Amino acid sequence: MVALNKFLSKKRLIGLGLGQFVSLLITSTGFASSELSRKGIDAPTSQSFLNYVLLVVVYGGWMIYKKRSIQTKWYYYLLLGFIDVEANFLVVKAYQYTSLTSVMLLDCWTIPSVIFLTWIFLKTKYRIKKFAGVAICIAGLALVVFSDVHATDRTAGSNPVKGDLLVIFGSMLYAVSNVSEEFLVKTGDRTELMAMLGIFGAIISACQISILERNELKSVHWTPGAVFPFVGFSSAMFLFYSAVPVLLKISGSAMLNLSLLTSDMWAVLIRIFAYHQKVDWLYFIAFFAVTIGLIIYSWGSEEEEKTSEKADVDHEEVKCRDEESANGDLLAGPSSGSQGFGDGKH
C-alpha cells in the first residue's frame, strides 16, 4: 500500500499526464503530415515555419518585455536553427514515401545517436544496461525497415525504403540538435534558446521555402481541409517545444523517452481505425522490442541517477567530516601546544 501511494504521488501523476500529452502532440504532428501527404501537398518546410514564428512571438516577446540580453553567441543559434529546420524537413518529407507507423517507430533512432554524440563530445559515461537497451531498440527498428522492404501491399507508401532512410537521417539531425540544446542550456537560458531558435529557424525556413516550395504553395487549393493540417501541425509543434523542458524538469529523461514511445501505439491505432489500413505483424514485434529496449535504457538511467546522487551525498559527507576535523584541530592547537601564547594574547 505504501508502494502504491508512493507511485501515485502528485508529482508522478503530473509527470505521467504531461508525458502522455507530449506523446499525443507528436502523434498529432504525424497525423497532420500524413493528411497533407494524402492530399498531395508536399511542403515540409512550410509546415514548420509557423512553429518558429510562434516561438519568436511568445519567447522573443517575453525576452523583450524582461529586457534580457543574449548570453550565448548568435552564430551557435544560427547553426542550431539550420540543423533543426533540416531535421524537420527530412522527417516530414518522409511521409510522402512511407507510412505513419514507420516514421513514428524509426524516429527512435534518435536515442542511440544521442548516446554516441554525448559519449564523444560531452564525455557522458554509459553502463552496459543502456547499451543493451539501445541494441534491442535497433533490432526493433531493423524489423520496421525489413517489413517495409517486403511489404506486399502499397499502404506502406510509394517508396518505403527511401522514406525510412529520410527518417533515419532526420533522427540523426534531431540527435545533433538535442545534444546542442543540452550544451546551450548549460551556458544560456531556456527562454533565450526557444526565442533564438525561433528567429533563425523562421529565417532559414523562409529562405528554403522561397527556393524549394514556392511553386508548391502556389498550386495548393487553400480549402479548410488543407489549412487545418498546417495550423494543427504548427500548433502541436509549438506546444511540444514548450512542454518538453517542463517534463524534463518534473520527471527526467526516462519518463520523456517512455512517454514518447506511446506515440507509436497511437500511430498504429490511427492507421488501423482512421485510415483502415492493415498493419504488418512485424510492426507489433518491433513495437514490443522498442518498448523493452527503452524500458531497459530508462532503467539504466534511473540507476545511474541514484548512483550519482549517492556519490554526491557521500562526497558531501566526507567534505563535512574533513571540515569538522580541521575545525577541531584549530581549536585544539592553541590549548595544547601554544597555551602560554594563547594566555598572553588574551
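Me: Which residues does W119 touch, not counting residues up to four places away in sequence?

Reply: This is a predicted model. W119 has its place in helix α6, which covers residues 110-121. Its relative accessible area is 49%, which lies below the 50% limit for exposed, so W119 counts as partly exposed. Not counting residues up to four places away in sequence, W119 touches T124 and Y126.

Me: How many residues of helix α4 are buried?

Reply: Helix α4 runs over residues 74-94. With 21 residues, α4 reaches 31 Å from its first C-alpha to its last, close to the 30 Å expected at 1.5 Å a residue. The helix is largely enclosed by the rest of the structure, because the number of its 21 residues that are buried is 15.

Me: What geometry does the aromatic pair of W74 and Y75 have?

Reply: The count of aromatic pairs comes to seven. In the pair of W74 and Y75, the ring centres are 5.8 Å apart and the planes are at 75 degrees. An angle over 60 degrees sets the class, so this pair is edge-to-face.

Me: Is Y75 buried, partly exposed or exposed?

Reply: The relative accessible area of Y75 is 41%. Buried requires a value under 20% and exposed a value over 50%, so Y75 is partly exposed.

Me: Which residues do ring pairs link into a cluster?

Reply: The pair of W74 and Y75 is edge-to-face. Ring pairs join these two residues with others into a cluster, whose members are W74, Y75, Y76 and F200.

Me: Which residues touch the most other members of the largest nonpolar core?

Reply: The largest nonpolar core has 62 residues. Helix α10 gives the most to this core, with twelve residues. F240 and Y241 are both buried. The residues that touch the most other members are L55, M194, F240 and Y241.

Me: With which residues is M194 in contact, leaving aside its neighbours within four places in sequence?

Reply: M194 is one of the residues that touch the most other members of the largest nonpolar core. Leaving aside its neighbours within four places in sequence, M194 is in contact with L55, Y59 and Y241.

Me: Which side chain makes a polar contact with the side chain of S242?

Reply: S242 lies in helix α10, residues 224-273, and is buried at a relative accessible area of 14%. Its side chain reaches the backbone oxygen of F238 at 2.9 Å. Leaving aside neighbours within four places in sequence, S242 is in contact with Y59 and R190. The side-chain partner in the polar contact, at 2.8 Å, is Y59.

Me: How many residues apart are E35 and R38?

Reply: The side chains of E35 and R38 meet in a salt bridge, at 3.8 Å from N to O. Residues three or four places apart in an α-helix point the same way, because there are 3.6 residues a turn. Both E35 and R38 lie in helix α2 (residues 10-38), where their separation is about one turn, or three residues.

Me: Is R38 buried or exposed?

Reply: R38 takes part in a salt bridge with E35. The relative accessible area of R38 is 54%, and the limit for exposed is 50%, so R38 is exposed.

Me: How many residues apart are K93 and D42?

Reply: K93 forms a salt bridge with D42, and the closest N and O atoms are 2.5 Å apart. K93 is buried, with a relative accessible area of 18%, whereas D42 counts as partly exposed at 22%. The pair links distant parts of the chain, with K93 in helix α4 and D42 in the loop between α2 and α3, and the separation is 51 residues.

Definitions and conventions. Residues are numbered from 1 along each chain as its sequence is written. This is a predicted model: local features need pLDDT of at least 70, side-chain atom pairs count only at pLDDT 80 or more; totals for chains, interfaces and linings use all residues. Side-chain values use heavy atoms; hydrogens and water are left out. Rings of Phe, Tyr and Trp (its six-membered ring) pair if their centres lie within 6.5 Å; planes under 30 degrees apart count as stacked, over 60 as edge-to-face and the rest as tilted. Buried means under 20% relative accessible area, exposed over 50%, partly exposed in between (1.4 Å probe, protein chains only). Helices (H or I, at least four residues) and strands (E, at least two) are DSSP runs, numbered from the N terminus. The expected span of a helix is 1.5 Å times one less than its number of residues. Contact means heavy atoms within 4.5 Å. A polar contact is a pair of N or O atoms within 3.5 Å; within protein, one must be able to donate a hydrogen and the other to accept it, and residues adjacent in sequence count only if both atoms are side-chain atoms. A salt bridge is a side-chain nitrogen of Lys or Arg within 4 Å of a carboxyl oxygen of Asp or Glu. A nonpolar core is a set of buried Ala, Val, Leu, Ile, Met, Phe, Trp, Tyr and Cys residues joined through side-chain atoms within 4.5 Å.
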